[in-house]
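Open the model in your viewer and keep the selection tool ready.

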Amino acid sequence: MSAPRPVPPNCAPGVELAVHDVAAAVAKPAQWPAAAPAPSALAAGSAAAAAAPAEGGPPPQALAAWGALIENLNEAVWLVHAGTLCVCAVNEAALRLLALPRERVLGAGADTLLPTPEDFAFWAEAAAVACEGGAEAVAELCSQALLQRGDGATLYLTRRIRPLPPGLFMVALQDHSAQRLAEQEREQLLAQLRATLEATADGILVTDLAGHIRSFNRHFAQIWALPQALLQEGNDAAVYDWMRRSVADPVRYQQRLDALREAVLMQASDRLRLRSGQVVERVTQPQWVGGRPVGQVFSFRDLSERIAADQRIEHLSSTDPLTGLANRAQFGDRVTRAVADMPPGGESFAVLVLDLDHFKHVNDSLGHHGGDHVLCEMRSRLQHCVREGDVVARLGGDQFALLARASDARAAELTACRVLETVARPLTLEGSEFTLTCSIGIAVHPVDGISADELLRHAETAMQRAKAGGRAGYRLHHPLHQPLDARARIRLDHAMRLALASKRFRLTYQPQHDLDSGRLVGVEALIRWHDPGRGGDIPPAEFIPVAEASGFIVAIGEWVLTQAVGQASRWLQQGWPLPVAVNVSALQFQQPYFVDQVQAVLEAASLPPHLLELELTESLLLHDAEETLSRLQALAQLGVRLAVDDFGTGYSSLAYLKRFPINKLKIDRGFVRGLPGDESDAAIVRAIVQMAQALELRVIAEGVETEAQREFLSRVGCPEGQGYLWAPALEAEVLEQHQRSQPLPPAPAPA
């Protein structure tokens, strides 16, 4: 017989007490009634005994008493006959636990309901002991077990088997499945929480209300560089001491930590600077359980990389990447601070803007790498020629700026002279020696401006005057040399856009006449703008340059082209095939869709292309000659006529006239004004006419105002002219009335 098994403390004390009470009430053993045959191996050999009352069993009265007892228990209990080792009684709690009907349980072998190795061993021992003499000699069993129920569910149980007098074994079960499931879920949640804490980039430290460390993650140890040995000790005081000694200001750190521990409900965020140079953000939160605070959670995040990245970004945003000097934004901030820091009546300071002269030649000859080398050399020279406390900046390109502190106009001039001398020292690059000069503009605070924007703008304006005056020098700002107000240009540009949208622009048409017969041979479309809010008519010479500078000239040019072609089409429908000349700006001509647009406008108005003449400037023809030639050829293939406006005012070779499909030259009014008395103008006009005749081009003169001018032009062979001699630019209706008495112009032949 094996030694008695110890009884675990969690083994159904209520069941044990109840069974003890009933056992004391049972007086004598009685004959055990026959039980149903058991399918177990232990009961298989006792089939013969099953037909008759088995020996060693309890009397019927005792069995009835035990049956009544277990039926009233909440625990699952069944009784096993000591002789047959078959179930002889079972309560409803056990049937529910097993999920089996009573007939399946009663008579079943004891080792079939809980078929575990431990149960098999117990019942085998019980069978052997019973043969030798009495179930009471069998030691009881109490341990954990798994039960596979009849419905397939698995239960976690505490099972206790003990002998009962006379000739019985009681099996009592307690179901811990719900508790076990809750523990498993709790363990799973804890595992997920640990994994989450380890996966976060923050270091986490959890303490109770007394400050004792309850938990931490790996990142916490890494941020604070805690030694492994210290972590394994579990010494909270040593960990706190290590953290205190790791910060740059231990006293202040400890004071703040004490305040956080006293105010357990406080939510706080602090930045700690460690002795290693790290900057750590500490966020403190209370820990709540069941609606009450039980501790504090500290999260630590290393901000060192982010701060370093922010500093790099700030440095890049305020520093010129090539030279390392302050850029325009930082220089403006320095000037602004200088303005703010200057006490009333304090010394003035100066802003100098310098631009290298003809720096484009350096890039063209030495390449951009050589140009960058020169710019870096200029940085070094400028830094060495200024005083301590002065600021050198690169505004962009080859333009630099200086902030000369404690400088009036005279001191600023001396600084400019030093800079001119420094820049002009010979340079050697790739074996070649050369010299650069610069132009400098000076603005002095507060005389020339009280803000950084004003001082920089005025210094740049003065620098441009220095360039216009011959370069290699300096100029002080002078209010009399101020250009047109930039705000006025902005307002004018805005007004133009409103005028186009509200249809305040209109076209007038200046007649073009045959100089010999006086016949009308064409018109030139000219834009006019009347704006009552701006005082009436606004001259084209005032708004066209602003439109060209802002790019709005493209929209204006498209409107003029559409309106002029539409008017020419209406005249054609009236039987008046009058060619219309339209001026084209360089920016409009350079648009990639320009040729397609001209074709679309002609097709929409049903105007034959030869009745449209596009007037182009010489400078436009010289821009990107190959692209220009391709575009002109496309226009010529459409049948559009092409004229060169203001001919003779350009500075380039006339060879393009042979290559480009030009039909007409327009002599600029500047050469007509002095005719016939000015010999120079007369000679130029003769040369233009002769050249046009040699190239088989037509010629028209602008600005013809006197009969003497007309006679001279006719005499030298110029066939056409326009000007006040015949009429100014007229509205379409006025032009029609003016020409009703005149013979209709002949329809020009297609080109």
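How much space lies in the largest pocket? About 960 Å³. Keep in mind that this is a predicted model.

**Stop one: the pocket**

Select Glu 524, Leu 526, Pro 540, Asn 583 and Asp 645. Of the 37 residues that line the largest pocket, these are the closest to its centre.

Now colour the elements that give two or more residues to this lining. Here is the list:

- strands S19 (520-531), S21 (580-583), S22 (612-617) and S23 (641-647)
- helices H20 (540-550), H21 (553-573) and H22 (586-589)

Which element gives the most to the lining of the largest pocket? Strand S19 does, with 5 residues. Next, colour the pocket lining by class.

**Stop two: a sheet**

Move to the open sheet of 5 strands. Trace the order S2-S1-S5-S4-S3; the pairing is antiparallel. Then select S2 (87-90) and S3 (141-148).

Now select S1 (residues 76-81) and S5 (residues 168-175). They pair in the antiparallel sense over 6 bridges. Pick out Val 77. Its bridge partner in S5 is Ala 172.

**Stop three: the cavity**

How many cavities of 30 Å³ or more are there? The count comes to 1. The largest cavity has a volume of about 80 Å³.

Select some of the residues that line the largest cavity, including Leu 205, Tyr 240, Arg 261, Arg 282 and Phe 298. Thr 207, Gly 211 and Gln 296 are also among the lining residues.

Which elements each supply at least two residues of this cavity lining? Show strand S6 (203-208), helix H12 (236-246), helix H13 (250-262) and strand S10 (292-302). Finish by colouring the cavity lining by class: 7 nonpolar, 3 polar and 2 charged residues.

Definitions and conventions: Residues are numbered from 1 along each chain as its sequence is written. This is a predicted model: local features need pLDDT of at least 70, side-chain atom pairs count only at pLDDT 80 or more; totals for chains, interfaces and linings use all residues. Side-chain values use heavy atoms; hydrogens and water are left out. On a 1 Å grid over the protein atoms alone, a cavity is a set of points where a 1.4 Å probe fits but cannot get out, and a pocket is an open set with protein on both sides within 12 Å along at least five of seven lines; lining residues have an atom within 4 Å of a point. Grid points are joined across faces, edges and corners, and a volume is the space filled by probe spheres set on the points. Helices (H or I, at least four residues) and strands (E, at least two) are DSSP runs, numbered from the N terminus. Two strands pair if DSSP finds at least two bridges between them. Ala, Val, Leu, Ile, Met, Phe, Trp, Tyr, Cys and Pro count as nonpolar, Asp, Glu, Lys and Arg as charged, and the others, Gly among them, as polar.
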